[in-house]
Amino acid sequence: MIYLITGATGDVGSRVVERLIKSGERPRIFVRDAEKARLRFEDRVDVTTGDLADKASLNAAFQGVDALFLVNSGPQIPLRDEIAAKAAKAAGVRHLVKLSSMDVQHGLAIGAWHEQGEAAIRATGMPFTFVQPTGFMSNLLAWARSIKTEGVVRSSTGEGRRAFIHSDDIAAVVVRALTTGDYQGQSLPITGPDALTFKEVAEKIGSVIGKPVTFLPISDEEARRRYSAVSESAEETEAHVALWRAIREGRLAAVTDKVQRILGRAPIGLDQWITENITAFLDAATLTATHPPDQQ
């Protein structure tokens with residue numbers, strides 16, 4: 001079997017690649033930066049380069065591929081998913097596993113882009129599996145600066161809950177779907193073990209790092225202003241504001257048992273993820289005091 005992994009140097013994609021390598025596979029990866037990929041994986045993968053919007057580079061990369069892991073992001077998800085699915089089908093790829101979002105169930109914000117992408121893939125007749133995680137635990141790293149400098153987390157999510165999922169669990173489900181083919185034609189909504197408020201998440205981080213972390217609720221208007229400073233587009237900003245509003249309204253708090261059913265074990269909890277990433281939330285002085293250099 002030849003597996004092609006897109007997004008191979010990203011959070012989930014790199015974990016998928018490592019899992020395939022550990023299982024004895026030599027995956028093919030599709031990246032923009034070959035040097036970065038080779039530094040990451042050395043000579044354990046076959047590297048192809050290109051862009052997910054470029055049909056020619058996709059056509060070349062898909063030759064001889066049996067199963068494809070597709071990762072797209074941003075407002076161009078529907079178009080890029082369609083281009084990739086059509087190219088994959090034309091090349092004879094037998095199974096496409098897409099990293100989607102559980103938010104497709106509500107057709108809002110970023111989930112709406114994935115919903116359209118899923119529809120485009122279905123329309124090609126390409127055999128598919130849609131892995132639909134809830135919010136990534138790794139997204140909480142966006143709080144690192146305000147936690148380090150102010151000891152606060154600001155969000156417009158109010159008392160809404162989110163069952164954040166560990167990227168290792170996402171990657172494990174992806175690899176199971178890729179390598180077994182057991183989930184063709186299915187959507188797999190996956191979550192972490194508990195739906196927590198953002199205040200509870202902030203308190204958990206504070207408990208692990210040994211200093212209080214305060215949750216400060218903010219308005220949609222302030223959330224929009226803050227995110228627009230780092231956003232790539234107004235469309236992306238509005239999608240995130242809508243996502244946080246939906247969380248606040250209690251629309252994205254579902255917990256599923258899919259990880260347990262697929263992997264035969266419970267999903268990884270938030271406490272473990274915080275411990276794994278503790279240094280991201282500590283300033284230099286606190287880090288040195290709590291984790292001397294020989295322990296870091």
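This is a predicted model: local features need pLDDT of at least 70, side-chain atom pairs count only at pLDDT 80 or more; totals for chains, interfaces and linings use all residues.

Biologist: Why is S5 largely enclosed by the rest of the structure?

Modeller: Strands (E, at least two residues) and helices (H or I, at least four) are DSSP runs numbered from the N terminus. S5 spans residues 95-99. It is largely enclosed because the buried count is 5 of the 5 residues.

Biologist: Which helix makes a β-α-β unit with S4 and S5?

Modeller: Look at the hand of the crossover. It is right-handed if, with the strands pointing away from the viewer, the path from the first strand over the helix to the second runs clockwise. S4 and S5 make such a right-handed unit with residues 77-91, helix H4.

Biologist: And which helix makes a β-α-β unit with S5 and S6?

Modeller: S5 and S6 (residues 128-133) run parallel, with 4 bridges between them. Val-131 of S6 is the bridge partner of Leu-99. The unit with S5 and S6 is right-handed, and its helix (residues 109-124) is H5.

Biologist: Which residue in S9 stands opposite Gln-132?

Modeller: S6 has 6 of its 6 residues buried, so it is largely enclosed by the rest of the structure. S6 pairs with S9 (residues 186-190) in the parallel sense over 5 bridges. Opposite Gln-132 stands Pro-189.

Biologist: What is the volume of the largest cavity?

Modeller: A cavity is a set of points, on a 1 Å grid over the protein atoms alone, where a 1.4 Å probe fits but cannot get out; lining residues have an atom within 4 Å of a point. Grid points are joined across faces, edges and corners, and a volume is the space filled by probe spheres set on the points. The count is 1 cavity of 30 Å³ or more. The largest cavity comes to about 60 Å³.

Biologist: How many charged residues line the largest cavity?

Modeller: Ala, Val, Leu, Ile, Met, Phe, Trp, Tyr, Cys and Pro count as nonpolar, Asp, Glu, Lys and Arg as charged, and the others, Gly among them, as polar. The lining includes Asp-103, Arg-162 and Arg-251, along with Met-102 and Thr-134. By class, the lining has 4 nonpolar and 3 polar residues, and the charged number 3.

Biologist: Which residue's side chain makes a polar contact with that of His-166?

Modeller: His-166 lies in the loop between S8 (161-162) and H7 (167-180). It is buried, at 1% relative accessible area. A polar contact is a pair of N or O atoms within 3.5 Å; within protein, one must be able to donate a hydrogen and the other to accept it, and residues adjacent in sequence count only if both atoms are side-chain atoms. At 2.7 Å, the partner of His-166 is Glu-276.

Biologist: How far apart in space are Glu-159 and Thr-197, C-alpha to C-alpha?

Modeller: Glu-159 is in the loop between S7 (152-155) and S8. It is exposed, at 56% relative accessibility. Glu-159 and Thr-197 are 38 residues apart in sequence, but C-alpha to C-alpha the separation in space is 5.6 Å.

Biologist: What is the phi of Glu-42?

Modeller: Most residues other than glycine have a negative phi. Glu-42 sits in the loop between H2 (34-41) and S3 (46-49), and is exposed at 58% relative accessibility. Its phi is positive, near 55°.

Technical notes:
Residues are numbered from 1 along each chain as its sequence is written. Side-chain values use heavy atoms; hydrogens and water are left out. Buried means under 20% relative accessible area, exposed over 50%, partly exposed in between (1.4 Å probe, protein chains only). Two strands pair if DSSP finds at least two bridges between them. On a 1 Å grid over the protein atoms alone, a cavity is a set of points where a 1.4 Å probe fits but cannot get out, and a pocket is an open set with protein on both sides within 12 Å along at least five of seven lines; lining residues have an atom within 4 Å of a point.
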